Amino acid sequence: MTVSGLPLLQGYALRLRAPARADLPKLFDWYNDPENVAPFDRFSLDTAESFEAAVLAAPDDPRSLAPRFVVERVQDGLVLGFVGHYQPHPVLETTDVWYVLGDRSQRGKGYGKEAVGLLVDYLFHEATLARVGATCDVENVASYRVLEGLRFRREGTLRSALFHHARWHDVLVYGVTRPEWAEAPRSLNPTLVPAP
Ligand SMILES: CC(C)(COP(=O)(O)OP(=O)(O)OC[C@H]1O[C@@H](n2cnc3c(N)ncnc32)[C@H](O)[C@@H]1OP(=O)(O)O)[C@@H](O)C(=O)NCCC(=O)NCCS
């Protein structure tokens, strides 16, 4: 099983590719790990079967919360995590990205930033979006540093918008506009390779 119709997004150290069957157990474990997911989303309530079905259906379901791309290291093919995006806003030309480096031993090496950069490039390339956004817990320093490193701007704070670890958390809102993204000096230069 491979999710069809998704391009390969080739970066420098990383590529983003469609999930394959062999990825699913690892992705499912990471997706159900509260440490990974609690800082920005609900805990998964999926079974392995419903998770697989959701990953397969994601390309045709704009509302899907399933991972869209696997994050894979170029040098050795190691799967490091996954990224996705929420459904486009029903009226506004914007959508939010989300990202997980499930392999904790590989954090802090710039992979998160490269993976999110590839995803944002893809979204601006594929859709007529005017803005790409992201939200994160005010305490999730690693997450907002990734965004700020990619020239996302902090736009505001949603108060008490996320519940985890027995209390409500404020959530930061970040965004980058299409012209800002085009003009930002970046070390990334991803190449979109069409799906076979
Ligand atoms: C957020 C996450 C993807 C970051 O991935 P990463 O590969 O470790 O991040 P990078 O190595 O690309 O680091 C990017 C920036 O964040 C900084 N950073 C990374 N981890 C940090 C930490 N724990 N504390 C403070 N800063 C940190 C880096 O120094 C770097 O800053 P710089 O650009 O100024 O040098 C990863 O921590 C993760 O998967 N967390 C759990 C899931 C999650 O919270 N996702 C975000 C949802 S909103």
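I took helices (H or I, at least four residues) and strands (E, at least two) as DSSP runs, numbered from the N terminus. I called a residue buried if 20 or more other C-beta atoms lie within 10 Å of its own, exposed if 12 or fewer, and partly exposed in between, with C-beta atoms placed from the backbone.

I noted that this is a predicted model, in which local features need pLDDT of at least 70 and side-chain atom pairs count only at pLDDT 80 or more, while totals for chains, interfaces and linings use all residues. Residues are numbered from 1 along each chain as its sequence is written.

I then listed the buried residues of helix 1 (residues 24-31), which are Leu-27, Trp-30 and Tyr-31. Seen down the helix axis, they fall within an arc of 100 degrees, so they line one face of helix 1; the arc is that of the directions from the helix axis to the C-beta atoms. Their cover includes helix 2 (34-37), helix 3 (48-57), strand 4 (79-85) and strand 5 (94-100).

**Overall counts**

I counted six helices and nine strands in the protein. Of its 196 residues, 35% count as buried.

**Core**

Of its 42 residues, Leu-16, Val-71, Val-83, Ala-115 and Leu-119 touch the most other members. Helix 4 gives the most to this core, with seven residues.

**Arg-73**

I found Arg-73 in strand 3 (residues 69-73). Arg-73 is partly exposed because 16 other C-beta atoms lie within 10 Å. Leaving aside neighbours within four places in sequence, Arg-73 is in contact (C-beta atoms, placed from the backbone, within 7 Å) with Ala-13, Leu-14, Leu-78 and Leu-80. The C-alpha atoms of Arg-73 and Arg-15 are separated by 6.4 Å, although the two residues are 58 apart along the chain.

**Ligand shell**

Of the 22 residues around the ligand, Arg-107, Gly-112, Ala-142, Arg-145 and Gly-149 come nearest. Strand 5, helix 4 (111-126) and helix 5 (141-149) each supply at least two shell residues, and helix 5 gives the most, with six.

Definitions and conventions:
Contact = placed C-beta atoms within 7 Å. Near = placed C-beta within 6 Å. Core = buried A, V, L, I, M, F, W, Y, C linked by C-beta atoms within 7 Å.
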